[in-house]
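Visitor: I have a protein model open and would like to walk through it. Can you take my questions as they come?
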Amino acid sequence: MGVEIEGRRKHVVYMIEVNAHTDDDILTIKASGKLSKEDLDDLEPDLNKFATASDDPHLIMILEDFKGWQDTAAFWKDLQLDAEYIGYFDRIAVVGDKQWQEWGTKLVDPITKEEMHFFPIDKAENAWEWLKQNHN
């Protein structure tokens, strides 16, 4: 059982796109450019709705052409969201095009209860397959 967030349509939130694949209990968040605090404030209701309503929530974060945060307020908001939602997702796949994104994923993986794995952009399909393994 899943939750419907705008059906299967994409919901554009500034520099963030959110797409819930309710039949797979997978939430896709695609971030690009520089994120603002407002971008993350707008993301929070969708994130909360999905994380609390899905029976077995998985997350795929696609960081294509992601350039970081506009300022310290945006970075701080991102850290707050990370802290608040730690433990809600069973598996988190991070798809990115930067070495620091891979390092960050490897650094955070052992300190969360979620299983996390990094995939390069050209291997994004592997991220979907990994999320669906042993799922259901």
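Visitor: Leaving out residues up to four places away in sequence, what does Glu44 touch?
Guide: This is a predicted model. In it, Glu44 touches Lys77, Leu81, Glu84 and Tyr85, with residues up to four places away in sequence not counted.
Visitor: Which side chain does the side chain of Glu44 make a polar contact with?
Guide: That of Lys77, at 2.8 Å.
Visitor: And where does Glu44 lie?
Guide: In helix 1, which covers residues 37-53.
Visitor: New topic: strand 3. Why is it largely enclosed by the rest of the structure?
Guide: Strand 3 spans residues 26-35, and seven of its 10 residues are buried, so the rest of the structure largely encloses it. A residue counts as buried when its relative accessible area is under 20%.
Visitor: How does the chain cross from strand 3 to strand 4?
Guide: Through helix 1, as a right-handed β-α-β crossover.
Visitor: Do those two strands run parallel or antiparallel, and how many bridges join them?
Guide: Strands 3 and 4 run parallel, joined by nine bridges. Strand 4 takes in residues 58-69. One of the pairings is Ala31 with Leu63, its bridge partner in strand 4.
Visitor: Now the whole chain. How many helices and strands are there?
Guide: Four helices and six strands. Starting at the N terminus, the order is β-β-β-α-β-α-β-α-β-α.
Visitor: What share of the residues is buried?
Guide: 44% of the 136 residues. The accessible surface is about 7,600 Å², and carbon and sulfur atoms hold 52% of that.

Conventions:
Residues numbered from 1 in each chain as written. Predicted model: local features only at pLDDT ≥ 70, side-chain atom pairs only at ≥ 80, totals over all residues. Heavy atoms only, no water. Buried < 20%, exposed > 50% of the residue type's maximum accessible area, 1.4 Å probe, protein only. Areas by Shrake-Rupley, 256 points an atom, 1.4 Å probe, with all protein chains shown as cover. Polar contact = N/O pair within 3.5 Å; in protein donor to acceptor, adjacent residues only side chain to side chain. Contact = heavy atoms within 4.5 Å. Pairing = 2+ DSSP bridges. Right-handed = clockwise from strand over helix to strand, strands pointing away.
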